[in-house]
Amino acid sequence: MGKVHVLDHPLIQHKLTYIRDKHTGTKEFRELVDEVAMLMAFEITRNLPLQEKATETPVMEATTQVLAGKKIGLIPILRAGLGMVDGMLRLIPAARVGHVGLYRDPETFKPHEYYIKLPSDIEERELIVIDPMLATGGSANDAIHSLKKRGAKQIRLMCLVAAPEGVEVIQNEHPDVDIFLAALDEKLNDHGYIIPGLGDAGDRLYGTK
């Protein structure tokens, strides 16, 4: 079963507090999500493989280390996932970016795919699916199924906050997928919102209702 990693770095937890705060405006919310995504990218890439490289320093030739050619793909789930991409790209600028468009039926909470555009070599890449919220797990589950159907073999899921119900869905449906979170919250309410959560991430990122 995939592991759940709650990233408890003090800077992540500090910034997440202000992301949750209902008084945080759109501009600051967007900046904070961007910053937390960059910090989470630092943690999620901790185990990327390295290889040795000979480097000429101003003093002498040294044996140093570089990334061992691992190809990364970032797959935000539209639209809220877009708010986390730029922060990650600042640390992983060579990553390719694909997009999966899903919307959730307000009555059934079921996701519907309306758009997908992916790098041509996703089967060779380690993919990071990005969505600020893992609530019912429906959107992430569908996105991961779409990626696997198209040949993806290495997938991680990265979210700001999650409900236990969503985590359970991903672990049951995709036991090969590790989940990286800034926080694992208490539960879902009757409307499918995470409690205590942070509201609707897409609306707060883009100033919509």
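The model is predicted, so local features need pLDDT of at least 70 and side-chain atom pairs count only at pLDDT 80 or more, while totals for chains, interfaces and linings use all residues. Residues are numbered from 1 along each chain as its sequence is written, and side-chain values use heavy atoms, leaving out hydrogens and water.

**Exercise 1.** Work out how helix 1 and helix 2 pack, and which residues make the contact.

Step 1. Two packed helices are described by the angle between their axes and the distance between the axes. Axes are lines fitted to C-alpha atoms, for helices over the stretch in contact, and angles run from 0 to 180 degrees between N-to-C directions. Helices (H or I, at least four residues) and strands (E, at least two) are DSSP runs, numbered from the N terminus.

Step 2. For helix 1 (residues 10–20) and helix 2 (residues 26–44), the angle is about 155° and the axes are 9 Å apart. That makes helix 1 roughly antiparallel to helix 2 (under 35 degrees is roughly parallel, over 145 roughly antiparallel, 65 to 115 roughly perpendicular, the rest oblique).

Step 3. Now list the contact (heavy atoms within 4.5 Å). Helix 1 brings Leu11, Ile12, Lys15, Leu16, Tyr18 and Ile19, and helix 2 brings Phe29, Leu32, Val33, Glu35, Val36, Leu39, Met40 and Glu43.

**Exercise 2.** Find the residues that touch the most other members of the largest nonpolar core, then follow leucine 160.

Step 1. A nonpolar core is a set of buried Ala, Val, Leu, Ile, Met, Phe, Trp, Tyr and Cys residues joined through side-chain atoms within 4.5 Å. Buried means under 20% relative accessible area, exposed over 50%, partly exposed in between (1.4 Å probe, protein chains only).

Step 2. The largest core has 37 residues, and Ile19, Met40, Met88, Met158 and Leu160 touch the most other members. Helix 2 supplies the largest share of this core, eight residues.

Step 3. Setting aside neighbours within four places in sequence, leucine 160 is in contact with residues including Ile19, Val33, Val36 and Met40.
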